Structures are given as structure tokens and as C-alpha cells.
Amino acid sequence: MTVTAGPIISRDIRFEHLVRALGVGTAQPRLSWQVTAPPPWRQDGYEIELRRAGQVESSGRVHSAEQILVPWPGRPLVSREIVDARVRVFGTDGSASPWSGWSSVEAGLLDPGDWSASPVGASWPETPDTDRRPYLVRHEFELPCQTDDVTRARLYVTAHGVFEAEINGRRVGDDALAPGWTTYHRRLRYYTYDVTSLLRTGANAIGAWLADGWYRGRLGFNGGYRDLYGTDLSLLAQLEITLADGTRQVVATDDSWQASTGPIVLSGLYDGEAYDARDEQPGWSEPGFDDSAWSAVVENKRDPATLVAPEQPPVRCTQEIAPVECRRTEDGTLLLDFGQNLVGRLRITVDGAAGQVVTLRHAEVLQDGRLYTRPLRLAASVDTLVLDGSGPRTWEPRFTLHGFRYAEIEGWPGELREGDVVARVYHTDMVRTGWFECSNPLLNRLHDNVVWSMRGNFVDIPTDCPQRDERLGWTGDIQVFAPTASFLYDCAGMLASWLTDLAHEQLDDGTVPWFVPTIPGGPNWTPIRPGAVWGDAAVLTPWTLYRRYADASVLRRQYDSATAWVDLVVRIAGPSRLWNTGFQLGDWLDPAAPPDAPAAARTDRYLVATAYLAWTARHLAHTAEVLGKHADATRYATIADEVKTAFVAEYVAGDGRMRSDAPTAYALGIVFELLDGDTREAAGDRLAELVQESGHRIATGFAGTPLVCDALTLTGHVDTAYRLLLAEECPSWLYMVRQGGTTIWERWDSMLEDGTVNPGEMTSFNHYALGAVADWMHRRIGGIEPIEPGYRRVRFAPLPGGGLTFAEGRYESGYGTIAARWRLDGDTLRLTVRLPTGTTGVVELPGRKPIDVGPGEHTFTGSPA
């Protein structure tokens, strides 16, 4: 940590959870800052200045130690307004920091009346519920002044479908698949772009590529469903040009725009993209283009009250990966291995004759030396490029993504040269916040696999898998994975946005859908029914975000949704307080379950449901307490106590044995605090016995896997937890690694020991849920655990074991860097911890009393056990 003579603001102010506050959707964005100061300095107050329209206003000195999500200190923003903010802080010792630099926040269009644009699309007839060709729309306009007279230009834009905009032949932005996937009938995101530099004096042109995306593209199972949100493919765009004299020129989508098909022949999220270069129209988004053959557009409908600004970063390309191996198969096809299972698409540089077809196929795994596509089910995952013979070109699809490690290329003209093919990785461009490393390379690879699975499945919404005909926001998956996710990346805005959609999709009786946004689920998932673990995302995921990011607003926003869910389950349970009826997934994908019956777990599904009712009601009580709803807090705490009593009476024998004598049952009882005293200790001993009897192989599914290592640790069986984590035979976490997995699998045995793929229809090689063990790794091996919301107070309690000689964790909190590193030197454990200004911690070493620590770096020695 940098030592300073006094406090300084060490990071630019951030607004809400946004790194770049352009086009924010709230009139009173909260502010966060970081302070660096020599210990033992503590903040006692702050002063914020706002600069707007040349005037500066001050909050005055506010006595507060808060520096995360501090309330907006002045008049609310109005649409389009730009305000600069800076802050200085005061210490308990009377010191004051210098002023920070100015940081800017710009409001988007905050009132529905700000919109004059209408959605426009092609006027030619299209056949609903079929594959339809994507198209282009364009418009020309005059800028009647010099560009030096333009003070700023903003493009506010969205689509029914997905879009990429261009102005004067240049791409607007660098995001992909905008505007993302929301409950479109309730919320459609618009994006704000600074396009000042793209304008020209005189004639200008604006246009956009459009494709179906989630709005009207094929989604879901059994062949899927099209047109779920509408049949039109439309652009909604409003370009606002502000001149030096304060006047504003507005160019908005209306019936004067033109439309035409372009070179994209077909495009789908599942099936891929077909592009015919012979159909390109050079200069189509530049002024002076001859669009006489284009068609008039038709105006469509959109209530501007449903247009919302993003709370999260967009999807972007974040990395490029070259193939690590390339070979020709017997039929001349090129087979490429990128060495990493990823989500994205290929960019190719190729030259060939007009009409030459280059076909790109994608898959996660090989079998018998070729792409194995059965796990894709009905997702073709194929891109095609038809060349026009005009010379070398670089191309990648625009409106599709694939989950793949391997690719086959057919029709490649000539030899493949270095750099001709690269895989481009796409996901929501969240800030990385958490890292872990230890002395065991297999554990490091496991952790890398968790990170890669999160990246591949955080594509605008948190999905289950990124490759087959599904890619849905399953509520149970993110519920169990959110603690891990919120350590690895700053996903506060993304998950808060998704939770808004969860509340919108919730049924009137409180039922939470299996996946959000909700689409038809086919016979397996229709009708929508309440299910434990999955529906509990309504309560537990907001609580995780509150604990990790100190953002109580997400609790407030989701409170009605959370109470509706718990009240529903309480009604179902009735006076018995046992949730022992109805459809349940239970401990989904217990490795003992047969391939065609993934819910057939060793643990009674109603035991799982009742345990979750107790745990969720308890957390709803905590939520109510945070929000000052004390009567609600008492009510839900009482319900949790009653469910706990009923659970023990129904499922626990006097000697601590569970009616379901299975690891998940014991893990739930222990971690969910349903067992006390001797019963809890006996349950821990029995859990350890079961793990040992299984040869330390995994015997848990979605419900038990995130908890089993914690349950063992809490009951004094740390060594058993390590042996479970480090097992390498199937089923185990490291079995995936030993089999060459570079992401987390959906099933423990997605690939069988002979190298063949599990015969189950539901078999994915990129599914983050079973990677939820990384949360235990972060807390118990890396040694970093939040005690207070936002990591304001941290527990450093690493538990060495498993033959590890060192481990370290690092987390970039809202306050700054939190780090822990321990090393074994013979019988001595040496631990170094680091805390930023504004935080405190407690160090807990084996056999020693807890030690309070403040900001700075501290080193301790002790015994490893």
C-alpha cells in the first residue's frame, strides 16, 4: 500500500455500479470513492462538490464514514444533463484530503416524453415463426454548421432484435448483441453513445444492421419458439446534436428511413450466421449512397415508458485466442483446437474465388477425433461465409455466439497461415475483482475453469450453458453460484438488472419461474411450478449482492418479490411447516442419478425443500431488519424457527442421523443452522463418514455441492473437506481437470472415463453451478471472508491443509485491495494480510485468539493446526 503524508482520493468517483457513467437512468446516482491514507487514519466526514452549467454547489461537510454508494448530494439530474463531481474527505484526526479530480456523470433520457423516435423496420411482407433475413436501415441528414460548433452528439438507440449502428461508414460503439435480453414487454434497454467525433459538416448518414436476437429469434427446447416478444424487427434511434448556441438538432427514426436486405442471409443465436459477401452494399451507411432501390420503412409500436438505461456493462470482446493446434482431417477439413473452452466466435482472414463457401462449425469436445455435436442438441452452431472474389477480407459474424473449444473449417482456400483464424471471447464486460492461487496446479486449473465458466455464461444474463438450444437464466444456478460470482467479478449491476426481470416474471401467486426471462418450457417445465433452490433466488441472491456490495437498494427493490415467494411457500407448507408436496428438482444432478432422471437424488427432495424454506425465511427476516421493517423481521424469524423445529422432528433422529442418510442432507442441516449442539456434531461426524466411505468422491448435486465443504469445516473435519476437494477419480472436481476440462461441467461425468460423452441428452461442458465450491476456496483456503457488507470488515481465517504449502487470495473491494497470503515454512504458518483504508479485519489463526487489524499490511506467524 502506498504510504502518503495524509489522505488522498485514490480512484475516480464512480456512480452507481458503472465504470463509465454515460446515459445513466437515475436522477440521483450514488457516488463511491476510495481513500488511501496512512494508518490509523479514519474517515469522519466528506464534502462533495457538484459542477453543473458553470455553477458549483457543495454538500457542505457531511459527518459520515461512508464512502460506498453515498447518496446524491444535490438537485436531481434532468435528462441529458452533465454534472461533474469531486470529493474531499476529513479524518477523525482533523486532517483533510485534497480534492479529488472531477468525475462526470451524464443522464440519459429520464422521461418518456424525451423520446420522439418510433421503431422502424422493413415494410416488405415477412412470414412469422420462420427464419427471416436480417436487414439494414439507413437515413441521411444535414449538419448545417461546422463540426467545431457541435458541443456534443449523443445517439440513444435500441431495437426490437439486436443491432449495430454506423454513422458515416464507421461503427458506433464496440459492444455486441445490444440491447441484450430483458423482459421486453416490461423493459427494453437503450444505449447511449458519444458520437460527436463521427459527424461531418454537411451531409451525414446513419444506419444500422438488424437481426432477430432474443426478440424474435428461435429460443428454447424441442425446436424452440420464435416471435416470443413480437414479429417486427425494428430500430429505435434518436441522434441528438447539441450546438454551441444551445440549440439541439434531433435525427430520429421515422417513416422517412429506408430499409434493404444486406449480406447477412440468416442469423440466429443457436444456429449461427450465414453471410454472402456478394450481397454487400459498399457505402450504405455513408452520405451520397444510392438507396433508390431500398424500400420505405414502416413505423412500429413501443411505449417509451418501457425504455430503460443499462445498469451493467455491455457484452464485448475481451480477449483473442489463437489456435494451439491445427490439422487436416482425411476429407480435407481443418480441425482447430483453441486449448480453452470459450464463448465467442471466430474471426477469419481469407481470400478466394467468388462463390467459394467457407463453413465454420463449433463444438466443445471431440469424439473419435472429430467435432462431437450431439450435446448441442438442435443448435447448429455453424457460420458460413460466401466470398465475392474481391481479395482478402477479414470477417466475423455479428449477431451470434458459440460455446466451443474446437472448430472445423470446410472450404478453406489454400493453406492456413498464422493469424488467419482467431477465437474472440465475448461476455458482459464486468470488472475482474477476485483472484486465487495456491501451490497445487490442479486446484489452480479448477479455479481457472470456474472463471471461464462464469465468463461464458455471463452474457447479458446469467445463463446455465452457452452452447446448446437453451442458454437460459436458470434461477437455481445463479442462486448457488452468486457468492462465487460476486468475488470473481463486479456483477452487481448485471445481477440487479436480472433480478428486476425476475420480479416482473414472477407469477401473481409468488411463484418464481425456473428461468428468467421466461419463455415456454415445453412439457418438462410447463406449467411453471414453485421449486426450492430455484425460487429461493428471489431472496438469497439479493442478500448476496447486499453482503458483497453493501447495496441495500437491491433489497428494497426486490422486497415485494422476496416476500411473495416466501409467503407462497409458507402457504404451501401450511401449519406443519413442512414443504412436502409438489414438484421438486431437489438435489439436482446428484452423481447417483441416472442420465435420464437427474432429479433422482439420494436426498429426499422434500427435505431439501423444507431446509430451504427455513434458510430463506431466515434471510428474509435479515432483509426486513436491514430495511427497518421490524414487524416483518419478527414474523419471518418466527417462521424460520417453526420450520427448523418441524425439520428436525421430521428428518432428524435423536442420534443425529438424517432420514436421508446422504451428504446433501447433512450439509443442509449443518450450514443452514437447522441442527444444534450434539446433534450438529453427530451430523458432522456422519457426513465425514459418508465422504470417507465414498472414497472422498462427490455424492452431492446442485443443492449439496456448494455446502458440503463448509459443513465439514464447520464441524471440525477440515482434512476431510480437503480430501474431497482434491479427489481425482470420478465423480470429483479434479476429475474434470484430469480429463482435460477447461470449464466446469454440467454433470460430474459429462465425459466418461473412456473419453466418450455422457449419453444423457442434458450434457454440457460449460455450466458454472458445480463450481460454487470456489466460494469455499476463496474463504477457507485463500482466507478472505466478508463480515460486514461490502467487505468493510473482513475475516482472515485460512485453514491450511491438503498438502498445500501456500495460497493467496486478492479481492478488489469498493474500498481498495484486500489480500491474504499464507505459506508453510516447516511447522510455521506465516500469514500476511492487507486491508485498504476504510476497512478493518480480524485474523483467526489455528490455536490463537482472534486479532483485530486495521488498514495496512500485517504479518503473523503461528502453527498450521
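This report describes aromatic contacts, cysteines, strand pairing, cavities and backbone geometry in a predicted model.

## Basis

The model is predicted, so local features need pLDDT of at least 70 and side-chain atom pairs count only at pLDDT 80 or more, while totals for chains, interfaces and linings use all residues. Residues are numbered from 1 along each chain as its sequence is written, and side-chain values use heavy atoms, with hydrogens and water left out.

## Aromatic contacts

The structure holds 37 aromatic pairs, where rings of Phe, Tyr and Trp (its six-membered ring) pair if their centres lie within 6.5 Å; planes under 30 degrees apart count as stacked, over 60 as edge-to-face and the rest as tilted. One of these pairs is Trp284 with Trp294, which is stacked because the ring centres are 6.5 Å apart and the planes are at 20°. Both residues lie in the loop between strand S22 (272-276) and strand S23 (295-299), so the pair ties together parts that are 10 residues apart in sequence. Helices (H or I, at least four residues) and strands (E, at least two) are DSSP runs, numbered from the N terminus. Trp294 also pairs with Phe289: the centres are 5.8 Å apart and the planes are at 75°, so this pair is edge-to-face.

How accessible are the residues of these two pairs? Trp284 is buried, with a relative accessible area of 7%, and Trp294 is buried at 7% as well. Phe289 also counts as buried, at 17%. Here buried means under 20% relative accessible area, exposed over 50%, and partly exposed in between (1.4 Å probe, protein chains only).

## Aromatic cluster and charges over rings

Elsewhere in the chain, one aromatic cluster is formed by Phe221, Trp474, Trp514, Phe515, Trp525, Trp534, Phe583, Trp588 and Phe702.

For Arg398 the ring is that of Trp209, with the charged end 3.7 Å from its centre. Arg810 sits in this way over the ring of Trp435, at 4.0 Å from the centre. The criterion is that NZ of Lys or CZ of Arg is within 6 Å of the ring centre and within 35 degrees of the ring normal.

## Cysteines

How many disulfides does the structure hold? The count is zero, a disulfide being a pair of cysteine sulfur atoms within 2.5 Å. For Cys491 the closest cysteine sulfur is that of Cys465, 19 Å away, which is too far for a bond. Cys491 is buried at 1% relative accessible area, whereas Cys317 is partly exposed at 24%.

## Strand pairing

Strand S25 (residues 315-321) pairs in the antiparallel sense with strand S14 (residues 175-176), over two bridges. Within that pairing, Ala176 has Val315 of S25 as its bridge partner. S25 is also antiparallel to strand S34 (residues 421-428), and this pairing has six bridges. In the latter, Ile321 stands opposite Ala423 of S34. Strands count as paired if DSSP finds at least two bridges between them.

The model has four cavities of 30 Å³ or more. On a 1 Å grid over the protein atoms alone, a cavity is a set of points where a 1.4 Å probe fits but cannot get out, and lining residues have an atom within 4 Å of a point. Grid points are joined across faces, edges and corners, and a volume is the space filled by probe spheres set on the points. The largest cavity has a volume of about 170 Å³. Its lining comprises 17 residues, of which Trp214, Leu269, Val459, Thr463 and Arg471 lie nearest the centre.

Arg471 also has a positive phi, about 55°, although it is not a glycine. Arg471 is in the loop between strand S37 (461-462) and helix H3 (475-488), and is buried with a relative accessible area of 11%.

## Other backbone exceptions

Most residues other than glycine have a negative phi, and most peptide bonds are trans. Val533 has a positive phi near 75°. Val533 lies in the loop between H5 and H6 and is buried at 1% relative accessible area.

The loop between helix H5 (522-525) and helix H6 (537-549) also holds Pro527. The peptide bond from Thr526 to Pro527 is cis, with omega near 0°. Another cis peptide bond runs from Pro39 to Pro40, with omega near 5°. Pro40 is in the loop between strand S3 (31-36) and strand S4 (43-52).

How values were computed
1 Å grid on protein atoms, 1.4 Å probe; cavity = no way out; pocket = protein on both sides within 12 Å on 5 of 7 lines; lining within 4 Å.
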